[in-house]
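Here is a short briefing to read alongside the structure. Keep the 3D view open and follow the chain as you go.

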Amino acid sequence: MAWISNRIPAAAFGSRDELFSNQRPVHSSFRLPPSSFSFIMVITQIRNATVLLEFGGHDLLVDPMLSPPSVMPGFRLFRGQRRRNPLTELPAGADELFARATEVILTHEHPDHLDRPAVKWIKSRGLTLWASSVDAPNLQRKGLNAEVLGDGQNSFASEVIPGTHGHGLIGWLMGPVAGFYLTHPDEPSLYITGDTVLTETVKQAVGRLQPDVVIAPAGTANFGLGKDILFSEAELVELVRLAPGQVVFNHLESIDHCPMTRTKLRDMMDAAGIGERVLIPNDGEQLTFERDPHSVPVEPSASPNTKPGFQKWLTAKFAGT
Ligand SMILES: [Zn+2]
């Protein structure tokens, strides 16, 4: 699997070179036609955890947060400046990316992953929303066309990898989170971790599934109380060391309780000697990956068929989701 960047000479990659020229400025990528290229996976970072993923003929919108800046309250509770969210605008061209979405994938129901404008927009488009078996019933109650990912309705294969959004009681109160491992014969294998800390489940998933590409949240979110509720700085380094291929970091510089900056993260990864496998896209930036035709992705296993229990019920009430 190779990462085709704006920096790597496109001549190395055959007949699709003109479309993925290294001369192309980042935002011109929005004028590219929808995904119709086999063996090419395109990840366009939109904002926070919101990504358009071109995968196996689907244009999957991951974790849509559509709100304009400052319409949601701050998430940071103690220590440090609390600011209203989101902190930033959507990038130029975002509407065109949203318009291309054929389905939505949701890792969990927090408002920085699915906000009210997104719920309205998904309904207005009549899009299928893929989610875990824990979240799907609550999403259906909201009138969304939510389906459990992994039920075999897609052209791609998938496995839900449960995440843990913090440590101890805070992590439990943050509610259930799903990570997703996706494979398709034409694509690099992909693991979207969702909002999680580096649990044994996540480590074992990386070791067992050997994903070509990992997308992970790197904001080192913290309420100003207790441990981080996303991968800590040390865990981000450990995650990259565990991952066999590229790691795309997002969930950065958009929400007030995420102190990590792209610049600091880049310096950290370079200092750890693992920077060449780390991608930290700006909002609006497109990353393109090519599958190694000789590599065979690890087959996903059956997803846990967990039903929404007390944790889901309580945290949905608590978070108003
Ligand atoms: Zn989040």
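Ile161 stands opposite Gly179 in strand β9. This pair belongs to β8 and β9 (residues 176-183), which run antiparallel and are joined by eight bridges; strands count as paired if DSSP finds at least two bridges between them. Strands are DSSP runs of E with at least two residues, helices are runs of H or I with at least four, and both are numbered from the N terminus. Please keep in mind that this is a predicted model, where local features need pLDDT of at least 70, side-chain atom pairs count only at pLDDT 80 or more, and totals for chains, interfaces and linings use all residues. Residues are numbered from 1 along each chain as its sequence is written.

**The open sheet**

- Six strands make up an open sheet with mixed pairing, in the order β8-β9-β10-β11-β12-β13.
- β8 (157-164) and β13 (278-279) are at the edges with a single partner strand each, so one side of each has no neighbour in the sheet.
- Helix α5 (residues 200-209) packs on the sheet and touches β8, β9 and β10 (190-192), and its direction makes about 155° with that of β8. Such angles run from 0 to 180 degrees between N-to-C directions, with axes as lines fitted to C-alpha atoms, for helices over the stretch in contact.
- Thr199 sits in the loop between β10 and α5. Is Thr199 buried or partly exposed? Thr199 has 17 C-beta neighbours inside 10 Å, so it counts as partly exposed. (Buried means 20 or more other C-beta atoms within 10 Å of a residue's own, exposed means 12 or fewer, and partly exposed is in between, with C-beta atoms placed from the backbone.)
- Thr199 and His165 are 34 residues apart along the chain, and their C-alpha atoms are separated by 9.8 Å.

- Strand β3 (residues 50-55) is mostly covered, as six of its six residues are buried.
- Thr50, Leu52 and Glu54 point one way from β3, while Val51, Leu53 and Phe55 point the other way. In a regular strand, side chains alternate between the two faces of the sheet.
- On one side, β3 pairs with strand β2 (residues 40-47) in the antiparallel sense over five bridges, and Ile43 has Leu53 as its bridge partner. Two residues lie between the strands of this hairpin, where Asn48 takes a positive phi near 50°.
- β3 is also joined to strand β4 (residues 58-62) by five bridges, again antiparallel, with Leu52 opposite Leu61. This hairpin has two residues between its strands, and Gly56 in the turn has a positive phi of about 60°.

- How many residues does the largest nonpolar core have? The core has 78, and Ala131 is among those with the most contacts inside it. (A nonpolar core is a set of buried Ala, Val, Leu, Ile, Met, Phe, Trp, Tyr and Cys residues joined through C-beta atoms within 7 Å.)
- Leu149, in the loop between β7 (145-148) and β8, is buried, with 27 other C-beta atoms within 10 Å.
- Leaving out residues up to four places away in sequence, Leu149 touches residues including Ala131, Val160 and Phe180; contact means C-beta atoms, placed from the backbone, within 7 Å.

**Confidence**

- The chain averages a pLDDT of 85, and 85% of the residues score at least 70; pLDDT is the predictor's confidence in each residue, from 0 to 100.
- Over residues 4-37 the pLDDT is below 50. Where pLDDT is low, the predicted coordinates should not be read in detail.

Note on methods: Contact = placed C-beta atoms within 7 Å.
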